[in-house]
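Here is a briefing for a first look at a protein model. Keep the structure in view and check each point as you read.

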Amino acid sequence: MKLSELKKPEGSSRQRKRVGRGSGSGSGGTSGRGHKGQKSRSGKNKMPVWFEGGQMPIQRRLPKRGFKNPFRKTFQVINLSDIERVGKRESLDPQAMVELGLIRKAGQPVKVLGDGKLDFAVNVSANAFSAKAREVIEAAGGKVEVL
């Protein structure tokens, strides 16, 4: 087989439809545009892609400001280095964290993150723990309590 012998497969290409060439052609008369209306006219029948027939377009119906997720949970974050800094103690709960100045409000959820080392055992109570923080606290001999 040579490049000069290649042929298109049977039925792969069609001739273009010649519209407006008499009623016997099947697309004479209105040339496949239906009857009347803006889209049947010649020339000025180009409408923008976003045009919705006079209905208020979607880009004008939607708000253009930000979006605040009403279900978002915000945590007060403390690291293992913060626990290390306050020194050795038996247990650490949100109330004790407020007294030590680690967090501001006892009512808001607290999450402990694993940045830092821990050289002593401490029982920590918080709403959430990162996997590394949990691992380091338990490796030091402390306990993790999820509130």
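Two strands pair if DSSP finds at least two bridges between them. Helices (H or I, at least four residues) and strands (E, at least two) are DSSP runs, numbered from the N terminus. This is a predicted model, in which local features need pLDDT of at least 70 and side-chain atom pairs count only at pLDDT 80 or more, while totals for chains, interfaces and linings use all residues. Residues are numbered from 1 along each chain as its sequence is written, and side-chain values use heavy atoms, with hydrogens and water left out.

**The sheet with order 1-3-5**

- Three strands make up an open sheet in the order 1-3-5, and their pairing is parallel.
- Strand 1 (76-79) and strand 5 (128-129) are the edge strands, since each pairs on one side only.
- Strand 1 and strand 3 (residues 110-113) run parallel and are joined by four bridges.
- Glutamine 76 has valine 110 in strand 3 as its bridge partner.
- Strand 3 also pairs with strand 5, in the parallel sense, over two bridges.
- Here valine 112 has phenylalanine 129 in strand 5 as its bridge partner.
- In a regular strand, side chains alternate between the two faces of the sheet.
- Buried means under 20% relative accessible area, exposed means over 50%, and partly exposed lies in between (1.4 Å probe, protein chains only).

**The sheet with order 2-4-6**

- Another open sheet holds three strands in the order 2-4-6, again with parallel pairing.
- Its edge strands are strand 2 (91-92) and strand 6 (144-146), each pairing on one side only.
- Strand 4 (residues 123-126) and strand 6 run parallel, with three bridges between them.
- Valine 124 stands opposite valine 144 in strand 6.
- Strands of a sheet pair through backbone hydrogen bonds, either parallel or antiparallel.

**Serine 125**

- Serine 125 sits in strand 4.
- Is serine 125 buried or exposed? Serine 125 counts as buried because its relative accessible area is 10%.
- Its side chain makes a polar contact of 3.1 Å with the side chain of glutamate 145.
- A polar contact is a pair of N or O atoms within 3.5 Å; within protein, one must be able to donate a hydrogen and the other to accept it, and residues adjacent in sequence count only if both atoms are side-chain atoms.
- Beyond its neighbours within four places in sequence, serine 125 is in contact (heavy atoms within 4.5 Å) with Leu92, Asp93, Pro94, Met97, Glu145 and Leu147.

**Salt bridges**

- A salt bridge is a side-chain nitrogen of Lys or Arg within 4 Å of a carboxyl oxygen of Asp or Glu.
- How many salt bridges does this rule give? The count is two.
- Side chains of opposite charge can pair when their charged atoms come close.
- Glutamate 52 is partly exposed, because its relative accessibility is 28%.
- Arginine 61 is partly exposed too, at 42%.
- Another salt bridge links arginine 85 and aspartate 82, with their closest N and O atoms 3.1 Å apart.
- Both of these residues, arginine 85 and aspartate 82, lie in helix 2 (residues 80-86), three residues apart, or about one turn of the helix.
- Arginine 85 is exposed at 60% relative accessibility, whereas aspartate 82 is buried at 17%.

**Positive phi values**

- Most residues other than glycine have a negative phi, and most peptide bonds are trans.
- Serine 31 is not a glycine, yet its phi is positive, near 55 degrees.
- Serine 31 lies in the segment before helix 1 (58-61).
- With a relative accessible area of 22%, serine 31 is partly exposed.
- Lysine 36 also has a positive phi, of about 50 degrees, although it is not a glycine.
- Lysine 36 is found in the segment before helix 1.
- At 67% relative accessibility, lysine 36 is exposed.
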